[in-house]
Amino acid sequence: MEVAKMSTYFEARQVKPEDYLDYTLPYWLKKRLPSNKDALILDFGCGFGQTLIALKKIGYKNVFGCDIDDHALNYCRSKGLNVEKVDNINSFVEKYKGKFDMVLMFHVLEHFRKSEIIPTLKAVKELLKEEGVLIITVPNAQSNTGTYWAYEDFTHEYLFTSGSIYYVLTMAGVRQIEFIDIDCTEGLPIIKKLVRKILLKMYKAKVHFYNKITCSSFHKPSPEIYSFEIKVLAKK
């Protein structure tokens with residue numbers, strides 16, 4: 001009997017390095033990068049290294065990545081990227097504690113079990129220098145495609161709203177939390193930005209209308225964010 005080859009995460013998700021050849025950093029991220037091009041930046045969960053490559057293209061010299069996927073890490077190394085496998089997060093933090101000016105976690109946190117999320121954030125926070133910055137993106141359960149993304153990636157353990165990501169960051173001891181580019185309009189031309197804001201107001205009005213009809217509600221202190229992902233800037 002033939003034994004099936006075990007696929008890696010990226011193979012099973014039909015994701016290839018070639019998918020990122022044209023990747024460029026989004027405007028909302030570029031405007032928040034350190035002004036010092038010698039700053040130490042960690043991409044935690046770097047995948048095929050597209051963010052690291054893009055950072056190097058605009059002059060950042062000290063970029064570093066980590067991941068758990070050997071296939072992705074081998075590809076990164078073939079491109080000359082400085083990457084490391086994380087077998088144990090506590091050992092990794094002990095090795096690099098207080099080293100980085102910025103840590104990026106793009107669509108990583110949702111892959112941890114619920115019980116692991118706050119301990120993971122506590123650990124990642126320790127990687128930052130005293131004035132370091134942590135930027136996180138996670139799938140948004142409140143978005144139009146929230147339910148889809150809860151199940152499209154089988155390895156997703158949890159999706160977030162603005163309230164739940166605020167909660168876990170606060171419980172991890174983060175002292176400053178800022179939601180970034182809530183309307184997804186940063187960097188857009190003025191006309192396109194205006195049109196998007198108008199359409200978003202109409203969408204919100206519709207949601208609020210049906211909330212009244214169905215006697216539903218939102219948690220008032222939590223910002224209403226409807227984009228595919230929630231973007232958060234946090235400081236240690």
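Predicted model: local features only at pLDDT ≥ 70, side-chain atom pairs only at ≥ 80, totals over all residues.
Thr120 sits in helix α6, which covers residues 114-125. Is Thr120 buried or exposed? Thr120 is buried, because its relative accessible area is 5%, and the cut-off for buried is under 20%. Now show its contacts. Beyond residues up to four places away in sequence, Thr120 touches Ile89, Leu109 and Phe112.

Next, the largest nonpolar core. Select Phe44, Val103, Leu127 and Ile165. Of the 34 residues in this core, these four touch the most other members. Which elements each supply at least two residues of this core? Colour the strands β1 (40-44), β2 (62-67), β4 (100-106), β5 (128-139) and β7 (229-235). Nonpolar side chains tend to be buried together in soluble globular proteins.

Stay with Leu127. Leaving aside neighbours within four places in sequence, Leu127 contacts Leu42, Phe44, Phe92, Val93 and Tyr96, and also Lys97, Gly98, Lys99, Phe100 and Val103.

Two backbone stops remain. Most residues other than glycine have a negative phi.

Go to Gln14, in the loop between α1 (9-12) and α2 (27-30). The phi of Gln14 is positive, near 60°. Gln14 is exposed, with a relative accessible area of 68%.

Finish at His107, in the loop between β4 and α6. His107 has a positive phi too, near 55°. How accessible is His107? His107 counts as partly exposed, at 24% relative accessibility.

Definitions and conventions
Residues numbered from 1 in each chain as written. Heavy atoms only, no water. Helix = DSSP H or I, 4+ residues; strand = E, 2+ residues; numbered from the N terminus. Buried < 20%, exposed > 50% of the residue type's maximum accessible area, 1.4 Å probe, protein only. Contact = heavy atoms within 4.5 Å. Core = buried A, V, L, I, M, F, W, Y, C linked by side-chain atoms within 4.5 Å.
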